[in-house]
Amino acid sequence: MNIIAIIPARMGSSRYPGKPLALIHNVPMVGHVAFRTAMSPILSETYVATCDPIIEDYCKKVGIKCVMTSDSHVRCSTRTAEALLKIERETGKKADIVVMVQGDEPMVRPEMIDASVKPLLEDQSVNVVNLMAEMDTLEEFEDPNEVKVVVDCNSDALYFSREPIPSRKKGSDRVPMRKQVCVIPFRRDYLLHFNEMSESPLEIYESVDMLRILEHGGKVRMAPTGCRTWSVDTPDDLARVERLMDDDDLMRQYGAK
């Protein structure tokens, strides 16, 4: 089976411009994501997809495969789809599964990639999977930069929100506090289908792409991970992640690049 990872990255982030090349222990963030993702044994190849020559130059310098895409993409999924079709044309090989790994997840681990793909390998009815992780603090639960998720009894997503869900306002001290981790494998054809769907109202209100699937009547399977991760949306997040990665075991394998 041909399973590839694509990491969409651009310098013009609205919340944190230039963050793909922000340094964490002297390695650009996009480098951390690519090197760590590529360690997954389930993957055939790992690529960065970007519209910025400066990111392409970095990738070439350190040996990361990179695909140049249009600078008009608003959504990561459309950049990923363009890169997918270019890769297929260049290699002459059709992908079966495309793992979209957000370029602001520098703490991603290979076992997270494997865990995200597993439901697709086990159940042909599953078309897309998101990782989810437990949150330890109310600070994280209430942070609008973290996308929260609630799931049904089959681990399919019921709703995503930047607000804390489920509500704690009825006096319960303990509610499930789960966040979306942006490691998102699609079946190849479903990724293309997803980008053909019209944007949906809740997707726009919440700024969460996966709500498009739910509003169109589809399902998003959520796969748990016990790995501790923190995405980078602000300079404060970057400083936190740098501290959390002080003794990181994987970084020793690529940190000199």
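In which helix does L202 lie? The numbered points below take up the sheet, the helices on it, and then this residue.

1. The model is predicted. Its open sheet has five strands, and their order is β5-β4-β1-β6-β11. The pairing within this sheet is mixed. The edges are formed by β5, residues 65-68, and β11, residues 183-187, each of which pairs on one side only. On average, and with direction ignored, neighbouring strands of the sheet are turned by 30° against each other.

2. Strands of a sheet can pair parallel or antiparallel, through backbone hydrogen bonds. Here strand β1 (residues 3-9) and strand β4 (residues 45-50) run parallel and are joined by six bridges. For P8, the bridge partner in β4 is A49.

3. Helix α1, made of residues 29-37, packs on the sheet and touches β1, β4 and β6 (97-101). The direction of helix α1 makes about 175° with that of β1.

4. Helix α3, made of residues 76-91, also packs on the sheet; the strands touched by helix α3 are β1, β4, β5 and β6. Between the directions of helix α3 and β1 the angle is about 130°.

5. As for the opening question, L202 lies in helix α7, which covers residues 201-206. Together with I204 and Y205, L202 makes a nonpolar surface patch of about 340 Å². The relative accessible area of L202 is 30%, so this residue counts as partly exposed.

Conventions: Residues numbered from 1 in each chain as written. Predicted model: local features only at pLDDT ≥ 70, side-chain atom pairs only at ≥ 80, totals over all residues. Heavy atoms only, no water. Pairing = 2+ DSSP bridges. Helix = DSSP H or I, 4+ residues; strand = E, 2+ residues; numbered from the N terminus. Axes fitted to C-alpha atoms, helices over the stretch in contact; angles between N-to-C directions. Contact = heavy atoms within 4.5 Å. Patch = residues over 30% accessible without salt bridge, like charges linked within 9 Å, V, L, I, M, F, W, Y side chains within 5 Å. Areas by Shrake-Rupley, 256 points an atom, 1.4 Å probe, with all protein chains shown as cover. Salt bridge = Lys/Arg side-chain N within 4 Å of Asp/Glu carboxyl O. Buried < 20%, exposed > 50% of the residue type's maximum accessible area, 1.4 Å probe, protein only.
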